[in-house]
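Here are my notes on the model you sent over. Have it open while you go through the points.

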Amino acid sequence: MEQERPVPPQALNNAAATAELAAALLQARQTILPKRLGTPGPDAAQLQAILAAAAHAPDHGCLLPWRFVLVPDAARAALGQAFADALRERDAQATPEQQEQAREKALRAPVLLLVVVDECGGDPEIAPSERLVSAGCAVQNLLLMATALGFGSALTSGKALQSQALRGLFALGEGERALCFVSVGTVVSRKPVRARPVPAQYVGTLVPGRGVQPWPQQGE
Ligand SMILES: Cc1cc2nc3c(=O)[nH]c(=O)nc-3n(C[C@H](O)[C@H](O)[C@H](O)COP(=O)(O)O)c2cc1C
């Protein structure tokens, strides 16, 4: 298997330019739902770059507790059937129209991946929550690389992920959990970007004796 060549340190020696580029990339990513993603999808080299980005996620214990399963065109009908079966697992009265709607969800976006996390294999000291964080980081890397290559992307979830139909189709092991799907493709249309929270909304400062106080503190 081809190893990635390490980036020479001098490639990142202009911190200001690198930060500006990183901020632009982060800010460019927004969810583009699968129904808004069309062809062309990434070519083989682009898909390789997107998938390779995941490997740069932090991974406590280097367990590689997550994996991705590509769902190519030839497997979309089977996934659609699993979605319809999952619906019937939850609702035996689901109408044929509802089942068809469920099936149709498998046909969107040129690239579709299932994210799977292994919650208990390997070192039992590494908790499921840490594995989920690692998986989240891997997914974000993948989304950012897709964005950098000019593609739109989205995560989608739903009750079908826990269904026997889907678990069976993907042959998930006992300790494995299907986290979400990742879709990638060309942006056909997009919604306006959403307002982002600012750090003051999600950052506090620990002040011994006074608990967690707002950030920034006065004078900071
Ligand atoms: C694990 C996960 C699952 C998601 N599943 C869905 C989904 O099923 N349907 C959906 O519309 N958005 C889904 N989203 C996307 C969020 O709705 C989206 O990230 C949010 O609206 C913020 O938009 P942004 O990604 O453009 O910042 C999911 C996001 C995450 C992290």
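Predicted model: local features only at pLDDT ≥ 70, side-chain atom pairs only at ≥ 80, totals over all residues.

1. The overall layout first. The protein has seven helices and seven strands, and from the N terminus they run α-β-α-β-α-α-β-α-β-α-β-α-β-β. Its C-alpha atoms fill a box of roughly 65 × 45 × 40 Å along the principal axes. Of the 220 residues, 25% are buried.

2. Take a look at H2. Leu47, Ile50 and Ala53 are its buried residues. They sit on the same side of H2, because they cover an arc of only 125 degrees around the axis. On the other side of H2 you'll find Ala44 and Ala45, both exposed. As for the buried residues of H2, they pack against E3, H5 and E5.

3. Now the largest nonpolar core, which has 41 residues; Phe83, Leu113, Val115 and Leu142 have the most contacts inside it. At least two core residues come from each of H2 (44-53), H3 (73-90), E3 (111-118), H5 (128-148), H6 (164-169) and E5 (176-187).

4. Leu113 is worth a click. Leaving out residues up to four places away in sequence, Leu113 touches Phe68, Val69, Leu70, Val71, Phe181 and Val182.

5. Last, the ligand. What surrounds it? Gln30, Thr31, Leu33, Leu155, Thr156, Ser157, Gly158, Cys180 and Arg194 do. By type, that shell divides into three nonpolar residues, five polar and one charged.

Definitions and conventions:
Residues numbered from 1 in each chain as written. Core = buried A, V, L, I, M, F, W, Y, C linked by C-beta atoms within 7 Å. Buried ≥ 20, exposed ≤ 12 C-beta atoms within 10 Å, placed from the backbone. Helix = DSSP H or I, 4+ residues; strand = E, 2+ residues; numbered from the N terminus. Contact = placed C-beta atoms within 7 Å. Near = placed C-beta within 6 Å. Nonpolar A, V, L, I, M, F, W, Y, C, P; charged D, E, K, R; others polar. Arc of directions from axis to C-beta.
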